[in-house]
Amino acid sequence: MMLLQAVATATHPLSGSVAEWVWLLPVLPLIGFVINGLLSLNSAHFGPTDPSTAGHHPHSQSAAEAPAISHAEEAGAVGDDHHAVKRHRFAGLVSIIGPGVLILAFALAVMIWQAMVGAHPTTPFIQRYFSWMPVGDLQIDAAFQLDQLSMVMVLVITGVGALIHIFSVGYMQDDPGYPRYFAYLNLFVFFMLMLVLGANYPILFIGWEGVGLCSYLLIGFWFNDKANADAGKKAFIVNRIGDFGFLVAMFMLFANIGVLDFVGLNAHAGELATNGGLVTAICLFMFLGCTGKSAQIPLYIWLPDAMAGPTPVSALIHAATMVTAGVYLIARSAVLFSLSPVASLTVAVVGALTAIFAATIGLKQWDIKKVLAYSTISQLGYMFVGVGVGAYVAGMFHLVTHAFFKALLFLGSGSVIYAMHAAYHATGSHEDAQDMRNMGGLRRYLPVTFVLMWIATLAISGIPPFAGFFSKDEILGSVFARAQGSTLASASWLGIPGNYLLYAIYAIGLAAAFMTAVYMTRMMLYTFHGPNRTGQREAENLGEAPWVMTGPLVVLGILTIFGGWLNLPAIVTEYVPLGPGQVLEHWLEPVVGAPTEHIIAGAPQTPATTEEFLIGAAVIIAVVGILFAWLRLKPDRLPTAREAVPETGFEKVVAHKYYVDEGLDRAIVTPTYAASRNFLWRIIDNGLIDGFFVNGSAALARGFGWVGSRLQSGNVGIYAWVLVVGVLAMLGALTLHR
Amino acid sequence: MAAFLDSIGYNNWVLPALLIIPLIGSILVLLAPVRTTDGTGVESPAARQIAFWLFILEFIVSLGLWWSFNPSNTGWQASVDLPWIPSWGVRFTLGIDGIALMMILLTTFIMPLSVLGSWTSIRTKTRSYYALLLILTSGMLGVFLARDLFLFYVFWEVMLVPMYFIIGIWGGERRIYASIKFFIYTFLPSLLMLVAIIYMGLQLRGQTGTPDFSYDLLLAAGTLSSRAALWLFAAFAFAFAVKVPMFPFHTWLPDAHVEAPTAGSVILAGIMLKMGTFGFLRFALPLFPGAAMNPTVRLIILILAVIGIIYGALVAMVQPDFKKLVAYSSVSHLGFVMLGIFALTLQSVQGALMVMINHGISTGALFLLVGIIYERRHTRLIDSYGGIARVVPMFAAMLTFVSLSSIGLPGTNGFVGEFLVLIGSFRTYPVLAVIAATGVIFAAAYLLWAIQRILFNPLDKPENTHVPDLNRRELALLLPLIAAIIWLGVYPAPVLRRMEGSAQLLVNRVTGTAGNVAAINASEVGR
């Protein structure tokens, strides 16, 4: 098989091991996509052989097909969605294939990981399959690269992905588009694995845009609702703005060092070191791509709308995996970013501003998924602070722990929405099942979800020993350490000395951590505590979801509790024998070790007392945040969504997300549309070019023709007149000339 | 495969055969019975069946070129050289290089599909219709094959006439206006080109006193003054620019596209627009490298190309008629081709060639899909639809997929072309390449918005609730296009390899000669 042409890997420690099967990782979900996609289209009916009369004479169809159509009509809908109430015909098969390919992929990933642990390779394992775009000195191969960084991502994607697929079996069970849902979800995993396994930027870019496509398809999964279709389209287009930046970064790389693969980049990046402006430009264009995919300022606007998709999709794509691709991209390009302090600081600044900006919006949202959406944006900001200050391990660490606790939070909210929806469905109510003002007191009805979500809330708030505490603390600690001495601290950013900037970022990070604790506690209070606001009859129908849904929640809960063990800081392991420290740091050493060294070169060691103080401060801030929310907010007195009075003043501005969407709409979308329609099309195209020049010249020719035809009317009188006028004109001209 | 082809002398007869099969075929089609014998008065399906199988035959015959073509040979292949009009010095000289190879395969691939696309939508005068399609094919192939400028001009005009009738007779409501506009608009600049061709032929007049229109001799001659070359280049460039069409010479296109029957639009977009860019690659650039490389001329054309990319996309965005939207998207795509050609790096030219192929496939497929839904609902207005993905899931899947390839999603053909054009252009014109790259954003905007309004949103119009999905014929006609989209997106290397020699030769010739005409001409003669 062509796929197995492993080239130039004979000497690699992983060659001959199970790692040779790395190509199977994305192929498994691709197979799932193909099968589920075909099952989804299977319920479609072929149209009549001569469609041109179909619109007018529906009964002239051939006898064989007419019954099928009329049957579908009776069912009330046609095609994919035509079993509106009962489960899809192929639900059983899809339930096996959809999650099955993910479980297999995860098992394979674990085996490969085992092989890597044993072999401990210091160079990436490259598998080259075929030449994708060979054009002169541009040689782009279809090749995969397996190293410690991509391994971490593969484990998260397949592991968390498998759990979310299993959860979806329950969550989506009654949806008429069940096979289509799993087809998209499988396709997403395929592209996500392409993204993290690609051995060069263009292959990575296939995954990069591919996950955007799946995000588009899944956000607009219930496409007959215009808001969902709008949200999907918005996500795709905003991402494309970022992709434009990514493309330009690739062009600049190729034009200047002639390579686009990661091995070549590491070898040639040094050539760029002399041209600081160029490296900065490349990194900034690349970062524009990250702001799109990972929802950072200014391109974050699509992610809150993306909550229109099914909740497991929000968990997988819009929290755990796809949106972290930007963080991965920077870690992957660490060798470039470490060469440009300005670009690195920009990343950190944007990350910090996004972290606090999104956190403020999160404080005033009522939709449970919107709270989590802004929380995700905010947490992604932390990750960018991490990779921005050259703490690539810390950024990746937070990426992993965030995947655990945010997936748990989203799936937990999915479980809540599922219960709310079932309750409203039972009574025929049309209230909003996602509005926290309609919830309240759910801890009595959803005890498992309640406990697990509290664990995740403590984790995201930064309470030890949960996962989020260690990773967030490591980011903030790194910022502080970099401020005290590093290439970043001695650089200047827009005239601001780097060390001041880093202290400011640290302060912003702490402030955002406080707000995180507040808005998460607020969400828990309004959802699970206080009195129940669903209504009497609805409350009787509230209940925990089936085990196929709560099972994955429990697993994620365990990961949220113990995820921090991935990279325990030395300061902790010194005093408390919890286990080996800095596992992830050692693991990623071969990939990001050198760039990290480059950034912290010559930095002083932070004293242990300072580190202890920093940790103490972070914990105190988190605890104060939780207590503040606990004491200030009164879930007992909260009115339901229907009775609520609208916010006023600044609260209203925050609740409306600072009116950014409305502003962009007025400033960019509407004017572009109006200008294109009224000016470019109507005036320039139809009026000037076509009307004046093209048809004008035609009219001119017709005019000449008309005059000519008048002249040749055969009327001798007119000929005589022309003759006379001509003679007079000539005589006059000759006379005047003299 | 190559050995088998050699044994039947394939290279000796294939090119004339490709021109003759459709011509003989057109006579066969005209001999087909007019009406069915059952007395219903319905036109006989014989004509379309004959035409379909002839196009399949043509495709199979042409397919041998894929294997018989030698990518490492940059000269003419499968050449044929016969005297034609000796007293004028016109010869019947045919041959292909890597560029023509792919254009021929694109043509023979699209034609049977366009017959399938006309299967039920063309109901009147079917014999004449299919006969014209066949004659048109000979004309189009001739343009790609001709190595004699006079012969080239003859084919260039031959393909105009059948298309004029196809639009004028089987077109929509404003077909007369559209067909006349199409004819005159593309014919007038061609006349300028004819003058230029005759001038050049007379310049080459040897001792015998007869003019000579041989492409190879003209290429080697290099006797033109730079002033004359500039004027001649202008004449050629104008004829080609209208055909491309380049902004601002594009306004015939939306009218012609919208009024043409489905197959007419498919052929126009899929193949005939490529005549313009092919003309630049074959004639305007290599024959007048000095003029084409003139910094001012080059910059003007490049800026018009980039304007075309953005302008075409923005105007496409606001079209209420889906077919017109696709037409304007062609202006945008062909802008990428022009950018790639005039940026003149190996990557950009290869990319331009890929966009030419991809545009033929993806836009062809889009027009077929528009035709399919038009046959059902008799409207092309985007607002007449909404939410129909529920009703016609297969159609929805196809339209979504083809649209994604048209907006250049990586993994589909569209990405390969645009990526190569942009990465190649960035080397010579970084600013223009960056501006052009914003086209990827606008492309997503106009197509995704359009398919949202057609396929998604509420299914709120009762007349849309019973639209039948694709039938087997329509699926069969779309599947080859889908396969091509994936193949060219995932594994374009075989195509790129076959074109690389010709693309490299072009770049060397034009960039090399611009500085020192005499030196390169000497080596050219030596070759």
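Predicted model: local features only at pLDDT ≥ 70, side-chain atom pairs only at ≥ 80, totals over all residues.
# A guided tour of chains A and B

Begin by selecting helix 10 of chain B, residues 226-243.

Keep helix 10 of chain B in view and colour its buried residues. These are B:Ala229, B:Leu232, B:Phe233, B:Ala235, B:Phe236, B:Ala237, B:Ala239, B:Phe240, B:Ala241, B:Val242 and B:Lys243.

Next, move to the strands of chain B. Select strand 1 (residues 77-85) and strand 2 (residues 90-96) of chain B, which run antiparallel and are joined by 6 bridges. Which residue of strand 2 is the bridge partner of B:Asp81? The partner is B:Thr93. Between the two strands of this hairpin are 4 residues, and B:Gly89 takes a positive phi near 75 degrees.

Now display chain A as a whole. Chain A contains 28 helices and 4 strands. Along the principal axes, its C-alpha atoms fill a box of roughly 120 × 70 × 65 Å. Chain A has 738 residues, of which 55% count as buried. Consider also its contacts between residues at least 6 apart in sequence: 80% of them join residues at least 24 apart.

Within chain A, select helix 6, residues 201-219. From first C-alpha to last, this helix of 19 residues reaches 26 Å, close to the 27 Å expected at 1.5 Å a residue. Why can helix 6 of chain A be called largely enclosed by the rest of the structure? The reason is that 19 of its 19 residues are buried, a residue being buried if 20 or more other C-beta atoms lie within 10 Å of its own.

Finally, show both chains together and select the residues where they touch. Here 63 residues of chain B are in contact with 58 residues of chain A. On the side of chain B that touches chain A, at least two residues come from each of several helices, including helix 14 (295-317), helix 16 (346-377), helix 20 (439-455) and helix 22 (493-515) of chain B. Helix 20 of chain B gives the most to this side, with 7 residues. To finish, colour this side of chain B by residue type: its residues divide into 40 nonpolar, 13 polar and 10 charged.

Key: Residues numbered from 1 in each chain as written. Chains lettered and ligands numbered in written order. Contact = placed C-beta atoms within 7 Å. Nonpolar A, V, L, I, M, F, W, Y, C, P; charged D, E, K, R; others polar. Buried ≥ 20, exposed ≤ 12 C-beta atoms within 10 Å, placed from the backbone. Expected span 1.5 Å × (residues − 1). Pairing = 2+ DSSP bridges.
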